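Q: Could we work through this model feature by feature, with the general idea stated before each case?

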Amino acid sequence: MAGVMKLACLFLACMIVAGPITANAALSCGAVNSNLGPCIGYVMQGGIIPPACCTGVRNLNSMARTTPDRQQACSCIQNAARGLGGGLNAGRAAGIPKACGVNIPYKISTSTNCKTVR
């Protein structure tokens, strides 16, 4: 568990430092990653979704009001998911918004075409 959390923290730190910001989007990957960071343990190992994860999902949803912001959030989530590799449970990740009572306009998946998100 400690090794997974250290890896996740290292990954998030790298994403915050290297997270791209698109020309039209005000939402950064750093903001996306910091809001979704509390969800990593759940998507990697299961259990109960931490309240901080749902708070982050709600915050992120309220921050991503424009199409460019939603597309950027989608891309950032996909990059973070790919970085977590094989330990990521895609089904748990995809179910977080619904479990937290948040309706988002696209499916959480590495196969989602973020350019089509509106």
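Q: Why does Thr112 count as buried?
A: The classes rest on relative accessible area: buried means under 20%, exposed over 50%, and partly exposed in between (1.4 Å probe, protein chains only). Thr112 counts as buried because its relative accessibility is 17%. Thr112 is located in the segment after helix 6, where helices (H or I, at least four residues) and strands (E, at least two) are DSSP runs, numbered from the N terminus. Its contacts, that is, heavy atoms within 4.5 Å, are with Cys74, Gln78, Tyr106, Lys107 and Val117, not counting residues up to four places away in sequence.

Q: On what basis are such values given?
A: The model is predicted, so local features need pLDDT of at least 70 and side-chain atom pairs count only at pLDDT 80 or more, whereas totals for chains, interfaces and linings use all residues. Residues are numbered from 1 along each chain as its sequence is written, and side-chain values use heavy atoms, with hydrogens and water left out.

Q: Is Lys115 buried or exposed?
A: Lys115 counts as exposed because its relative accessibility is 69%. Lys115 also lies in the segment after helix 6. Between the C-alpha atoms of Lys115 and Cys74 there are 8.9 Å in space, while the two residues are 41 apart in sequence.

Q: What pattern does the chain follow along the sequence?
A: The chain reads α-α-α-α-α-α, with 6 helices and 0 strands. Of its 118 residues, 42% are buried. Among contacts between residues at least 6 apart in sequence, 76% join residues at least 24 apart.

Q: Which residues have the most contacts inside the largest nonpolar core?
A: A nonpolar core is a set of buried Ala, Val, Leu, Ile, Met, Phe, Trp, Tyr and Cys residues joined through side-chain atoms within 4.5 Å. Here the largest one has 29 residues, and Val32 and Ile96 have the most contacts inside it. Two or more residues each are given to this core by helix 2 (29-36), helix 3 (40-45), helix 4 (51-63), helix 5 (67-84) and helix 6 (90-99). Helix 5 provides the largest share, 5 residues. Leaving aside neighbours within four places in sequence, Val32 is in contact with Leu27, Leu60, Ala73, Cys76 and Ile77.

Q: What is the volume of the largest pocket, and which residues are closest to its centre?
A: Rolling a probe the size of a water molecule over the atoms shows where empty space is left. On a 1 Å grid over the protein atoms alone, a pocket is an open set of points where a 1.4 Å probe fits, with protein on both sides within 12 Å along at least five of seven lines; lining residues have an atom within 4 Å of a point. Grid points are joined across faces, edges and corners, and a volume is the space filled by probe spheres set on the points. The largest pocket has a volume of about 570 Å³. Of its 32 lining residues, Leu36, Ile77, Ala93, Ile96 and Ile108 are the closest to its centre. Helix 5 gives the largest share of the lining, 7 residues.

Q: How do the lining residues divide into nonpolar, polar and charged?
A: Ala, Val, Leu, Ile, Met, Phe, Trp, Tyr, Cys and Pro count as nonpolar, Asp, Glu, Lys and Arg as charged, and the others, Gly among them, as polar. The lining of the largest pocket has 25 nonpolar, 6 polar and 1 charged.

Q: Is Met44 buried or exposed?
A: Met44, in helix 3, counts as buried because its relative accessibility is 17%. The C-alpha atoms of Met44 and Leu88 are separated by 4.9 Å, although the residues are 44 apart along the chain.
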